[in-house]
Structure formats: C-alpha cells, structure tokens
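This report looks at a few local features of one protein chain. Keep the sequence and the structure in view while reading.

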Amino acid sequence: GLFVTDYFTCTPRKLSPFRSFASIELFHFHIPEDTVIAVWNLITFKEQGGTFGDQCPDHSITVYFRSGAPSVINPLHTHFPRDTAVPGSFTLTLTWTLPNRTTEVFNVTSPLPGDWFLAAHLPKDEGKISVKVKGLGGTGLYEECQYLFQPQLIVQRMVNIAVLYPGYFTKQSMAPHNHSCLYKVFVPSYTSRVLVEVLQCRGAEGCPLWLRVRAKAPPMHNSTALDCQEHAPCQLVLDLPFWQHWYYVLVEKHPGVPGTVSFQVTVQLTDCSRPSLARPPFLPSSTSMNMPHSFGSVGELVLGDSPLPTSPNGTKHPVPIPTISPASELCWPVRPTLRNELDTFSVHFYIFFGPNVSVPPDRPAVFVINLLPVLDSGGVLNLELRLNVSSLCGENATVFGCLNHEVPLMSSDNASVTCEAESLAGFLLSVNATASLSRLRIPYPQTGSWYLSLRLLCATEHGFEPCTNVTAEVYLRAYLSPCINDCGIYGQCKLLRTNNYLYAVCECKAGWNGWGCTDNAEAFSYGFQLLSTLLLCLSNVMFVPPVAIAIRSHCLLEAAIYIFTMFFSTFYHACDQPGIVVFCIMEYDVLQFCDFLGSLMSVWVTVIAMARLQPVVLYLLGAMLLSMALQMDRHGLWNLLGPSLFALGIMAVAWTARTIRRRHCYPPTWKRWAFYLCPGVLIAAAAVLLYAFVETKENYFYIHSIWHLLIASSVGFLLPPRAKPNGRLGPLPRRKGCRYQLCINEQEELGLVDTAMASINSICTS
C-alpha cells in the first residue's frame, strides 16, 4: 500500500509536582483513520536562569496515555468516591540519560483513531511553598529549576485501503513479494453479527493464509485471528460488533510460502432489526434512513433503487453472493434521550415519557446517551437507577443495567448479570427490593454513543431467570457534571483549559485528597482547623505593644499603619482557612491585598522612622510603589526584600550623614545598639528566614503564626524612642520655605537622644 507520514507537535510546557489533577500538564492529539503506526517523541529538558540546568536534580517524569478522553490517574493511591468507575490508561516513566536533556520514543502499532490525550507531571514535592521564592519579574533569591516537556507525534497511515461491500466478494492474487492484503468494511447501526470469509483459496501449500479482523484500526498480532490452513471453511464470526465504525480485515500469508496465492474475500452483516433476513447488499442502515426505531416495534422497510458503488482500486469487480442464515437474536428498539445543556459540562439527558421507565419481563429496555466529541469528555457521566419496590408485587426480582460504549448488550440472561459477552464488557448496575438505589460515575468518559440496557430477572434456585408476569418501574436519571458531587465541602471544582480543550478537576483542601475530595486519610480534624485559625488570627495581637510604643513616641502615622495591618491580617487569615472554620467580612482578594500591603507598609514606615526622616513624601512614595509591586506579583519574595532594602538604604544614608557631621557613631549610645537595634535586627532576620525557607504547606499555620510574633516583636525593638534633650535651647535660625511648614527637631539635629535628657518641644517655622 501507499503510506503517508504526518507530523504533530506541541509547545514545551513547564511541569509541576503532582498535588492533584489540576497540577498536571495535558496534551491533546488527533490520530487520523487508517494509521498503522504512531510514534511519540517525548522530549524533556531542564532550564535554570535561561540556560540549561545541568546542576538541577534528576526528577522522574510520569506520562499517561489514553485514547478518547484524558487519563484518570491516581499516583498518590487515594480512594475514589463510591460508585466511581476508573477507566484504565498506559503509564510511562521517563528517566534522564543526559545531564540536562532526555528523549524517549514510544511506539503504538495500529492505534485507535481519534483523540489521544497525554498527561505529564513531576513527583509529589515535599510541601515546600515554592511560590515564595519567586520574585518580581520572575527572578528570586536563586534561580529555580524548571523541567519542560514537549511531546511530538509522527503517524504513518495507509491510503486507498480497499473497501469490502457486504454481500459481495472481492478476488485477490497475492504476489510472492507481498505478505498481506488489508481491507475495511463499514458496520452500520443495528448490526448484530459480522461474518468474514475467505473462499477459493489456492496456493502452493493449500491455503497458507491467516485471517485477522479488528474494529476501528488495522489488526495486530493479538487481534481476532483464524488459520485458514487448519479451518475449512475459513470464517470469522463477530457477534455484537461496534456500530458506526470501520472493521479492518487483514489477510496475511504464512512466512516462507513461495508462489502466488489467490483467494476471495466476502463480508456478511446481519441486521438485527430484520430478524428474518440478513442485510441485503448495499442496504442502508436504519440510522441512515432515519427510521424511528425508538418509538415502537420495527416494521418492514421499503427499499428504493440504490446504485451500486464503484469498485475500489486494487480489487476485482464485486459479484453478489447468497445471503446467510439469519441470526437467532434480534435487537430491541433503542429509546433516545433529549439533550439539555445548562452550562459547561452541565448536561441533562431526559427520556421521552420519563423519567420513570417500565422494564418488561420478556425483553430489555434500551436507551442511548450521546456524548459530543471532545466537548463532553472533560466532565463526569453520572447514572442513577431507583427502583419502585411496589411495582415488583412481592417478587424476588432484580433489574440489571449494563452501560456499554458504542453497542448495546442484548444477549443471554447470564450476560445481563455479568455485563460481559465475548469481547464486550460494560459497567454493571443492579437494583432490587433490598438495594433500591444504584449509582455509577464515570470520570472523563469516552465520547460517542453509550447504551444502557435494563433487564428484569427473577432469582430462582438455578440462578436468575426471566420473570413471568412482573413489570418493574425504574426511575432513571442520566446527566453530565463537571466534578463528582461538586468536590464536596472540602474541595473546589475548577474548569481548566489546555489550548482549545476544556476539562474539570477537583482541588482539595484541609488535608482531603482523592478525585472527589473524599479521601480523609490525611484530613484535618475540626479541632485542628479551629486551632490553626485561632493561632493565625490571635498571633496578630502581638502588634498591640508596637502600637502602644508608637503612640508613646508620638509616631501616630506608624501606629495607624500597625493597626491597619493587625486588623486585615486577622480577618484575612480567618477567611483564608482551607476547612470549614472560615469567616470572611469582605471579598477574599480585598482582604489579601490589604493584608499584604499593610505588612509591607509596616516594614517601610518602621525603617523610615528609624532614619528619623519626617517628610510625608517618603510614606506616600512607599505606599504607591508597594501597591504597584503587589499588583505585579503578590507572592514574590522581592516584594518584601525590595522595599526593605530600599528603606534600609535610605536609613543608612541618613545615619552616615549624621555620623560624618557629628564625627561620632550614630546612634551614639551603646545601649541603643545592644538592647534595641541588634535584637530587633536578629528577630526580623529570623522572621524573614522562616518565611522564605522553612514555611511549608504542612507547617504553615504555626510557622506563619511565629512569623507574626517575630515581626511584631522586631517592630517594638526597632522603633526609635522619643527625643529627650538635656535642657532648653534657643530656637535655631529660621528657615524660609515656599509656604510649607518645616518642623525642625533641634535636639535631634544635635544628636541628644539619651533617655536622661529633659524633653523639649519642636520648633516649627513657616
């Protein structure tokens, strides 16, 4: 055949340590039909400060693959909510082969066509609040290691695959240099059986051929296969095939067989909506003819003249063959559901003449739920069955429900109990007089048609058998939701987007984990939540002594800012709690901004007061710069260090100028250095180190409380005392100003700040 190669790639993205599904990076690909091989080239590299991160540690990277919908992953082995079905996915762990780069190749032979999703993440971190080390403009105290992941996809697909038409056969001669021939046939809705047969096979050693069949993609070595040399006739029968999909037929020659092998291939489809007939050649399916099977029994179809399709390239002219014997089973009417979209991932599926449905004893009740491609795979498919016990009339009956993807399960009674039939498996629900309620949740469901088959069976000594004169009444509810139970009271349902794909995740709090925030293995108790809230709130009371000291020193502006900080820090932490002990007097964002601004302004005005600089312009300048910095990056460490260093620079310049003018160290007394400045600086430095390098998510409540205590204590030590001169002095020469009032503290200019000196009022000139 002729092969075509396609290339797809995604931009590199920074990976994060796994905390929940919200912390993973999701990549979306689309594999075209007739693809014989898909090669993923997984590129990972490190960066640190804009260069290759050769010194960064080697963290393993976990990648998940799934077709049709995103992977439902659980690397922390948490518990899923009750009644939740977890679909499987393939996992790959990447290791580093070079100091700063690694490349892994992952091959998938004959992949399923359609949407494919890759999810990647780093291992769980140690709880460090790494956002604190991030500074303004993306720089911090040290350059953070970044791990970037870029997947690339290369697909090779076959073009001009020969199409088999049901009821006709195709002649083929396989040359000595050829090893196989590939065909495909489309299976419409209401098809209960597919028969593939190889006829008139002639070769050097009988019929040295393998016959392989697979749905949706070309067959592989483990697909349904039959050795035509050992089986005569060479027929493969597939019951309950997938509806509205291509089936691929591979005729493969035994290895080492010389000469040419000739044969004929035919496919016969059995239409279960016509139990007395097999599907005639080129009979359109009831779906394509818009026949209303859902509203009653299936009647005879009136067929018009249909033109014969043209012969595909590489095959002989189709010749009609007789129909095969009819199938023993038939398919029952499929009732549709009405789709009602309320919001994103909020869809209700209503049943006509429902929601109460009757399940007769002689046949199943079948319903179809259609999920839109891509749009509906990022939510949760919910199904609920509630039995009306009074409708059983005292019989020991059970209603079994089987939810299957792309084909309904309409087979024997045993299959209804196990929800399995040959290669078909679905999700089982059951309700009876004892357990009248059953639920099923499927996170990230595959899109397409989901069929729910309800069957009423009675329990006997020999197992379950069809009931006789009982009709069960069942309340059926099917809907699509963003998250499971809206993530409960200890979680928040978030809607995330990767490129043009939307998906919903739960972000848990207060130590709760799991897909629906229902795993309480590490959950905080109510007493612990109350204790952490009280510690974070009441630790702000430590600002009362600095307020009193500021008022006593006539630093009224500083005292007002300390009161502002104490107030908003208390109520911000009361609103910021992850559990149920929460109290908010304003919007969370307002409280957070005021808390951060008050904290930084407290540092700013304290250092300016230590410099004994009185112009109000410095306070206004600090307020404006700090507001701008908080708007740029509210959690950056430089938001604390930047203003602090700038204010310290101003204070150093002022102290140096006074020292040079007086020819004496300023402040002049050793007691001020030993008992106030040095302890205050040490306490403030300890607070900054705890804030930046020790605080984690696990110890946040008490480390941050200690931070409150240390910062408030350092302010009490660092605030300058009130000036107390030795005696009264005459006024200094009057300074003229441009109608501004200039307040001059004479004793401060003379450096008279000893506590034994008498007080003197400042002299104001205008």
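## A nonpolar surface patch

Ile489, Tyr526, Leu530, Leu534, Leu538, Val541, Val544 and Ile580 make a nonpolar surface patch of about 760 Å². Patch residues have over 30% relative accessible area and no salt bridge, and nonpolar side chains are joined within 5 Å. A salt bridge is a side-chain nitrogen of Lys or Arg within 4 Å of a carboxyl oxygen of Asp or Glu.

The model is predicted, and its local features need pLDDT of at least 70, side-chain atom pairs 80 or more, while totals for chains, interfaces and linings use all residues. Residues are numbered from 1 along each chain as its sequence is written, and side-chain values use heavy atoms, without hydrogens and water.

## Helix α2

Helix α2 (residues 526–538) gives the most to the nonpolar patch, with four residues. Leu530 sits in helix α2. Its relative accessible area is 34%, so Leu530 counts as partly exposed (buried is under 20%, exposed over 50%, partly exposed in between, with a 1.4 Å probe and protein chains only).

## Helices α3 and α4

How do the axes of helix α3 and helix α4 cross? The axes of α3 (residues 544–552) and α4 (residues 556–575) come within 8 Å and cross at roughly 165 degrees. Therefore α3 is roughly antiparallel to α4 (a term for angles over 145 degrees). The crossing of α3 and α4 is left-handed (the near helix is turned anticlockwise from the far one by less than a right angle).

## Pro111

Pro111 belongs to the loop between β8 (101–109) and β9 (114–121). Pro111 is buried, at 2% relative accessibility. Pro111 and Met220 are 109 residues apart along the chain, and 9.9 Å separates their C-alpha atoms.

Note on methods. Patches are made of residues with over 30% relative accessible area and no salt bridge: like charges are joined within 9 Å, nonpolar side chains (Val, Leu, Ile, Met, Phe, Trp, Tyr) within 5 Å. Accessible areas come from the Shrake-Rupley method with a 1.4 Å probe; for residues, only the protein chains shown count as cover. Helices (H or I, at least four residues) and strands (E, at least two) are DSSP runs, numbered from the N terminus. Axes are lines fitted to C-alpha atoms, for helices over the stretch in contact, and angles run from 0 to 180 degrees between N-to-C directions. Angles under 35 degrees count as roughly parallel, over 145 as roughly antiparallel, 65 to 115 as roughly perpendicular and the rest as oblique.
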